Amino acid sequence: MNWTRRDFLATGLASTASPSLVFEIEAAPAKRGPSVGTLTENETRTLKAAIDEIIPTSDRMPSASDAGGVAYISKLVEHEPTVSGDLRRSLVALDNSASEKFKKPFDQIDRESRIELLGNLEKSSPHVFAMLRDSTYESYYTQPRIWKLIGYEFYSTDHAGPHMKPFDEAVLTEMRKRPKYYREA
Amino acid sequence: MQQETADVLVIGAGAGGAALTKRLTDLGAKVVCLEQGGWVKPSDYPSTRPDWEIQIRRGAFNFSPNVRKRWEDYPVVETGTHPPDVLMFNAVGGSTHHWTGHFPRFHPSDFRVRTLDGVAEDWPISYQELEPYYEMNDCEMGVAGITGDPANPPRTKRPTPPLPLGTLGETIGRGFDKLGWYWWPSDNAIISQAYDNRPACELHGKCMFGCAIGSKASTDVTYWRKAVRKGAIVKPWSRVREITVDKQGKALGAIYYDRQGQLHEQLGRIVVVCGNGIGTPRLLLNSKSQVFPNGLANSSGLVGKNFMLHPFRFIEGVFEAPMNAYDGPFGIPAFSQQFYETDSKRNFLRGYSFLLERSFGPLHHAWGGFVNKPVPWGASHHEVMRRRFPHIIRISVLGEDLPEENNRVELDPEVKDSSGIPAPRVVYGYSENSLNMLEHGGAMARQALEAAGALEILDSGVIQPAFHLLGTARMGTDPKKSVVNGWHQTHDVKNLYLVDGSSFATSAAVNPTSTIGALALRAADGIWKNRRG
C-alpha cells in the first residue's frame, strides 16, 4: 500500500518496524527552562513603549503591542535564558538614558525622543538592540492574525499544502537545444 | 557489558551509515549500528507550530549542535581565520533530517582535479565506477527530476517527475535563458508522487527542519526502515568513546556509553565509522592505543587534516511580483552550473554552482533573510517588509573548496561532551581561491537576478562557512597522502573502514549527500566481497 500523509503522521515510524525491535521514539522537544525572572512594572512599560516604535501602527497594520508583543516578550524573558539578559539590558539602557536626558521614564517621553534613544542604543550597543528588535519581530511575525494581514499562508503539515502549478516542460525548450556542457574525464 | 560479535559494526546512522547498512544487510551481513542520537518522531518536527521559524535561532531543531545542546550533541569548538558555524544533526537519519534534499552528482572532472587542473589530488575512483551506485541510491532515496541536463552526464529516468518550479523557478529560468546560461530543474530527494510506500510531497515547505510526512528522504524513512525489517540492529542513544584494537592492530569493536552513563562494548569483525567529517576524525583521534599512539589509522598524520566546507554566498533579488518562496519544498527547484568547470581566464581554479533555493517565512525575512539585512525598524518597517515579503528570489553560490592541511579537525584540550569525551576543535579559513570564486559568483548571481527582473539586490557578502563536512580522512592510493583506499578501507587497519564525507578527496561544487550515499553503497559491496581477505 502507499502511505498517505495522515497514515504517516498517525503512526510515526513505529508501525514500519519489526515488532522485535524497541524503537526509542523520542524527539526531545524544546524544553522550557525554569523562570529566570519576570519583568517589573517599569520594565513592562518601557517594553511596550519601545516595541511600538520598532513596529508602529500603520494604515492597516497593528503595532507590536497591539499584536500581543508585550505578553510574548515577557514570556521570552521568563523562559529563554539565551535572550533574557540582552532584552533586559536593552530596557534598562533605554530607561536610564531617558532619565538622564529627559528626566522622565522612557514611556513618558514623546515619540520623537523615544526614536532618538532607540537609535542611540542601536549605535552604542548593536547586539543588545538587535535582541530587542528581533524579539519584537518574533512576537509579531509568529502571530496568525499578522499572517492574514501580510498574505502569508502557513500550511501546517497536518493539513493540506498549497496548490502549485505543475512542472511545465516547455520551460526547458531553450535548454534542450544546448550542446553538452561538462568535461569528460 | 560485552555483546555478541556483529559481522559489521557500523558507527553512525546518518546518510552513509544508513545506505551502507541496508546494502550489507541485503547481501546477508549481520549488522549492528551504534547511533548516539535517537529515532525522531515525524510529528515532533516544528512544522505544525506557528513559531516554527524560531528554530533558525534556537530550539531542539536548530541546525547547530552548539545551540541545540541535546544529550546526543557534542560541542564543536570553532576557530580559525574564518571560524565555521558547524551544522549537523545527531539522530537515526543524521543530518538528512536537516537538509534541503538537493541531490546533484559530482561531475566526471571532479574525480580528476590533479590531472585536469593541477590542484589537490585525484580520487582513486572515477565517475563511471560510481555511476551505478548513484542510480541505485536515487532509487532507494526516491528522487524527483527530469533527464536531459546538458551540464551533467546522462542518467536514467528519474523515479518521480519534477517538483513544481513555482513562480520563482520560472522567473529565474527566464533570466538564465536571457543570458544564454545553462540551468536545469534540480534532482531532489523529495518525491513528487507516491513512491516506495511513501506519500508525495504536499508542498508545505518548512522541511529544512524535517519533513513530517516522509516525502523528503531522510534515511530513517528510506534505508533504515528497510534495513531494520531485514534484520539490521540499530542501537540508539549509544555514544561511542573509542574503537578498540588487539595487539596486532586489528579493530575489535567499540566502547560506548548509554544515556544512563553505563559503558558497553560491541564487537565487530569489521568496523565501519560513518560519523561525518568531524565525528569520524574525532573518534579516530580519541582511539589512541599502544599500537596507535597518534590515533587510529593515522600513520599519515592526515586524520582531521584537509577539512573542507563549501564556500557560500547568498544573493537575493527583490521583485515586483510575489515569488512565494515559502511555498513548495525547501529543496532546490533549479540550479545552474554555468560556471562549474575551470576556466583559465578567471582568477580562480575549479568552479561553483548556483542554487536557486526556496526560503522560510515572514519572521526569517524580517530578521534579515539569508543576507542578514534586517527589515528596518520604525516608520519604514511595514513598507520595506511589504516590498520584500514574499517578493524575494535567492541564489546561493556554492563553491568548490580545495583541501588544505591547515584547515583541520583536532581534539580540544579542554572541552568535553557530557560523557567526558574530548570534543573536536575545528580550525578553518577560506583560501584566496575560494574568496575570488565567491567574488565572481556574487557578481554573476546579481547579473542573473537583474536579467530576471529584480528591482533591488541584497548581498550577504562572504558568509561564515557552515555547510558540509568533508575531507578529514581522505581517500587515495598513497598511504602517506591519504587515510583510506578507494574502497574506504584504512591503510593502517585492514578491518576498519571510514564511509562518510570524511573520505572525500575533494569537495566538488555540489551538495554532497547524493555522493555520500553512492559511495556507501559501493563501499558495502567492497566490504562484503573482501570480507575473507
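Select residues 513–529 of chain B: this is helix α11, with 17 residues. Helices here are DSSP runs of H or I with at least four residues, strands are runs of E with at least two, and both are numbered from the N terminus. α11(B) reaches 24 Å from its first C-alpha to its last, close to the 24 Å expected at 1.5 Å a residue. The expected span is 1.5 Å times one less than the number of residues. α11(B) is mostly covered, with 13 of its 17 residues buried. A residue is buried if 20 or more other C-beta atoms lie within 10 Å of its own, exposed if 12 or fewer, and partly exposed in between, with C-beta atoms placed from the backbone.

A word on the model before moving on. This is a predicted model, in which local features need pLDDT of at least 70 and side-chain atom pairs count only at pLDDT 80 or more, while totals for chains, interfaces and linings use all residues. Residues are numbered from 1 along each chain as its sequence is written, and chains are lettered from A and ligands numbered from 1 in the order in which they are written.

**Chain A**

Color chain A by secondary structure. Of its 185 residues, 33% count as buried. Now turn to contacts, meaning pairs of residues whose C-beta atoms, placed from the backbone, lie within 7 Å. Among chain A contacts between residues at least 6 apart in sequence, 61% join residues at least 24 apart.

**The interface**

Show both chains. Here 75 residues of chain B are in contact with 63 residues of chain A. On the chain B side, α5 (166–179), β4 (184–185), α6 (223–229), α8 (362–367) and α9 (381–388) each supply at least two residues. That side of chain B divides into 39 nonpolar, 20 polar and 16 charged residues. Ala, Val, Leu, Ile, Met, Phe, Trp, Tyr, Cys and Pro count as nonpolar, Asp, Glu, Lys and Arg as charged, and the others, Gly among them, as polar.

Pick B:His204, in the loop between β4 and α6 of chain B. B:His204 is buried, with 28 other C-beta atoms within 10 Å. Leaving out residues up to four places away in sequence, B:His204 touches A:Tyr155, A:Thr157, A:Gly161 and B:Ser47. For a distance check, the C-alpha atoms of B:His204 and B:Glu131 are separated by 32 Å, and the two are 73 residues apart along the chain.

Next, B:Trp184 in strand β4 of chain B. B:Trp184 is buried, with 24 other C-beta atoms within 10 Å. Beyond residues up to four places away in sequence, B:Trp184 touches A:Met175, B:Asp149, B:Ala151, B:Ala334 and B:Phe335. B:Trp184 and B:Ala151 are 8.5 Å apart, C-alpha to C-alpha, and 33 residues apart in sequence.

Move to α9(B), whose buried residues are B:His381, B:Met385 and B:Arg388. These three cover an arc of only 70 degrees around the axis, so they sit on the same side of α9(B). The arc is that of the directions from the helix axis to the C-beta atoms. The buried residues of α9(B) pack against β9 (312–318), α8 and β12 (392–399) of chain B.

**A three-strand sheet**

Select β3, β14 and β13 of chain B. They form an open sheet in the order β3-β14-β13, with mixed pairing. Strands pair if DSSP finds at least two bridges between them. β3 (77–79) and β13 (408–416) stand at the edges, each with a single partner strand, so one side of each lacks a neighbour in the sheet. Neighbouring strands of this sheet are turned by 30 degrees against each other on average, direction ignored. β3(B) and β14 (residues 422–427) pair in the parallel sense over three bridges. Within β14(B), B:Arg425 is the bridge partner of B:Val77. Axes are lines fitted to C-alpha atoms, for helices over the stretch in contact, and angles run from 0 to 180 degrees between N-to-C directions.

**Last stops**

Go to β2 (residues 31–34) of chain B. B:Val31 and B:Cys33 point one way, B:Val32 and B:Leu34 the other way, and all are buried. β2(B) pairs with β5 (residues 233–235) of chain B in the parallel sense over three bridges.

Finish at B:Gly12, in the loop between β1 (2–11) and α1 (15–27) of chain B. B:Gly12 is buried, with 28 other C-beta atoms within 10 Å. Its contacts include B:Glu35, B:Cys274 and B:Asp500.

Notes. Contact = placed C-beta atoms within 7 Å.
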